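Have the model open beside you as you read.

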Amino acid sequence: MSLLHLSEFVAQYGYLAVFGLIVVQSFGIPMPGEAALIAAAIYAQHTGRLSIVAVVAVAAAASIIGSAMGYWIGMRGGAPLLAAYGRRIGLTPARVRLGEYLFRLHGGKIMLFGRFMAVLRVYEAVLAGTYRMPFDRFMLFNVLGAVIWAGGVGYAAFALGGVFTRLEGLMGWVFLGLGAALLTGGFLYLRRQEG
């Protein structure tokens, strides 16, 4: 879905479109939540029909709520699924323990910086629940990450306006490349540290 289509969707449904797409994305289903935030911010700048403060607040609230739901999903269903099917996808008990260790040690960083990586943004809350990150710590970094992400992306899109529309394709490839490089680097680091 392009920014143009999302802009039409946002124009029709307003804050509800932003809230719905971000909630669903945040609890583990790939959706264009960040693109909806950008489209709403640009729409707010061009038309004045939406308030940028409200757009950012709705996006942050949706991200917090969706991630809390994702955490619950991971807590309730993630560990049993890993125990039953983890070996089929290469997640041995040792790798599951490594994931638990990483979320205990670096869970806050994952929750903060993961918001800015498309793939991790979708699954970080489910993983935090699956790997038993303490809930109070999860919520602290969930709220901080959501506010920083929604504010940063929303206000940047509002300030830059049409530049986002013109650079949409290029930015998508750049962020995809950065995300792939970070995931590859993280994977290689984990492989070296696994022993």
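Start with helix H3, residues 33-47: its 15 residues reach 21 Å from the first C-alpha to the last, close to the 21 Å expected at 1.5 Å a residue. That expected span is 1.5 Å times one less than the number of residues, and helices here are DSSP runs of H or I with at least four residues, numbered from the N terminus, while strands are E runs of at least two. Keep in mind that this is a predicted model, where local features need pLDDT of at least 70 and side-chain atom pairs count only at pLDDT 80 or more, while totals for chains, interfaces and linings use all residues. Residues are numbered from 1 along each chain as its sequence is written, and side-chain values use heavy atoms, leaving out hydrogens and water.

Now look at what H3 hides. Its buried residues are Gly-33, Ala-36, Leu-37, Ile-38, Ala-39, Ala-40, Ala-41, Ile-42, Tyr-43 and Ala-44; buried means under 20% relative accessible area, exposed over 50%, and partly exposed in between (1.4 Å probe, protein chains only). Just after H3, Gly-48 takes a positive phi of about 75°.

Move on to H7, residues 135-160. This helix has 26 residues and reaches 36 Å between its first and last C-alpha, close to the expected 38 Å. Among its buried residues are Phe-138, Phe-141, Asn-142, Gly-145, Trp-149 and Val-153. An α-helix has 3.6 residues a turn, so residues three or four places apart point the same way. Just after H7 there's another glycine with a positive phi, Gly-161, at about 50°.

H7 is also where you'll find Ile-148, which is partly exposed with a relative accessible area of 47%. Together with Phe-116, Leu-140 and Leu-144, Ile-148 makes a nonpolar surface patch of about 360 Å². Patches like this take residues with over 30% relative accessible area and no salt bridge, joining nonpolar side chains (Val, Leu, Ile, Met, Phe, Trp, Tyr) within 5 Å and like charges within 9 Å.

What about salt bridges, meaning a side-chain nitrogen of Lys or Arg within 4 Å of a carboxyl oxygen of Asp or Glu? The count comes to one. Glu-124 and Arg-115 meet in it at 3.4 Å, N to O, and both residues are buried.

Finally, zoom out. The protein chain has eight helices and zero strands. Of its 195 residues, 40% count as buried. Take the contacts (heavy atoms within 4.5 Å) with a separation of 6 or more: residues 24 or more positions apart account for 78% of them.

Definitions and conventions: Areas by Shrake-Rupley, 256 points an atom, 1.4 Å probe, with all protein chains shown as cover.
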